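Reader: I would like to go through the labels used for this model and see what stands behind each of them. Please set each value against its cut-off.

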Amino acid sequence: MSKNEAIMEISQTANKFTSSIVLQFDNKYIDVKSILGLFTTLVDSNSYELHVHGPDQEEATASMKEVFAKHNLTIEVKED
């Protein structure tokens with residue numbers, strides 16, 4: 001699977017939820033619902049921190065873990 005497919009699927013999955021879903025790497029924060037943001041992010045790094053906040057946080061976190069794992073991308077979920 002290509003990076004483009006990974007980005008599209010990650011964004012589509014994130015957009016199913018009302019929670020805020022943000023990827024952090026270095027000192028950058030990227031809204032996972034933003035395809036453009038993902039295009040500039042997923043090329044630079046392969047280990048990310050995921051921050052999820054909102055009413056459907058548990059479901060969103062589980063779905064995001066699944067889709068990142070499917071595309072062999074490593075995330076660490078941060079509980080704030």
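Reader: What order do the elements of the chain follow from the N terminus on?

Author: The model is a predicted one, and its elements run α-β-β-α-β-α-β from the N terminus. That order holds three helices and four strands.

Reader: What makes the chain agree with a compact globule?

Author: For 80 residues, the globule rule puts the radius of gyration near 12 Å; the chain has 11 Å, so the two agree. The C-alpha trace spans about 30 × 25 × 20 Å along its principal axes. Of the 80 residues, 41% count as buried. Among contacts between residues at least 6 apart in sequence, 63% join residues at least 24 apart.

Reader: Why is Gln24 called buried?

Author: Buried means under 20% relative accessible area. Gln24 has 13%, so Gln24 is buried. Its place is in strand S1, residues 20–25. Leaving out residues up to four places away in sequence, Gln24 touches Tyr29, Tyr48, Glu49 and His51.

Reader: What makes the pair Gln24 and Tyr29 a polar contact?

Author: The limit for such a pair of N or O atoms is 3.5 Å. The side chains of Gln24 and Tyr29 are joined at 3.2 Å, so the distance falls within that limit.

Reader: Why is Glu76 called partly exposed?

Author: The label covers values between the 20% and 50% cut-offs. Glu76 has a relative accessibility of 43%, so the label of partly exposed applies. Glu76 is located in strand S4, residues 74–78. Its side chain makes a polar contact of 2.9 Å with the side chain of Lys78.

Reader: Which residues does Glu76 touch, not counting those up to four places away in sequence?

Author: They are Tyr48, Glu49 and Leu50.

Reader: Why is Ile35 called partly exposed?

Author: Its relative accessible area is 31%, which lies between 20% and 50%, so Ile35 is partly exposed. Ile35 is found in helix H2, residues 35–41. Apart from neighbours within four places in sequence, Ile35 is in contact with Ile7, Met8 and Ser11. The C-alpha atoms of Ile35 and Ser19 are separated by 17 Å, and the two residues are 16 apart along the chain.

Reader: What is the phi of Asp26, and what is the phi of Asn72?

Author: Phi is near 50° in Asp26 and near 55° in Asn72. Each value is positive in a residue other than glycine. Most residues other than glycine have a negative phi.

Reader: How do you know that Asp26 and Asn72 are exposed?

Author: Exposed means over 50% relative accessible area. Asp26 has 62% and is therefore exposed; Asn72 has 71% and is therefore exposed. Asp26 is found in the loop between S1 and strand S2 (28–31). Asn72 is in the loop between helix H3 (57–70) and S4.

Conventions:
Residues are numbered from 1 along each chain as its sequence is written. This is a predicted model: local features need pLDDT of at least 70, side-chain atom pairs count only at pLDDT 80 or more; totals for chains, interfaces and linings use all residues. Side-chain values use heavy atoms; hydrogens and water are left out. Helices (H or I, at least four residues) and strands (E, at least two) are DSSP runs, numbered from the N terminus. Buried means under 20% relative accessible area, exposed over 50%, partly exposed in between (1.4 Å probe, protein chains only). A polar contact is a pair of N or O atoms within 3.5 Å; within protein, one must be able to donate a hydrogen and the other to accept it, and residues adjacent in sequence count only if both atoms are side-chain atoms. Contact means heavy atoms within 4.5 Å. The radius of gyration is taken over C-alpha atoms; the globule rule is 2.2 Å times the number of residues to the power 0.38.
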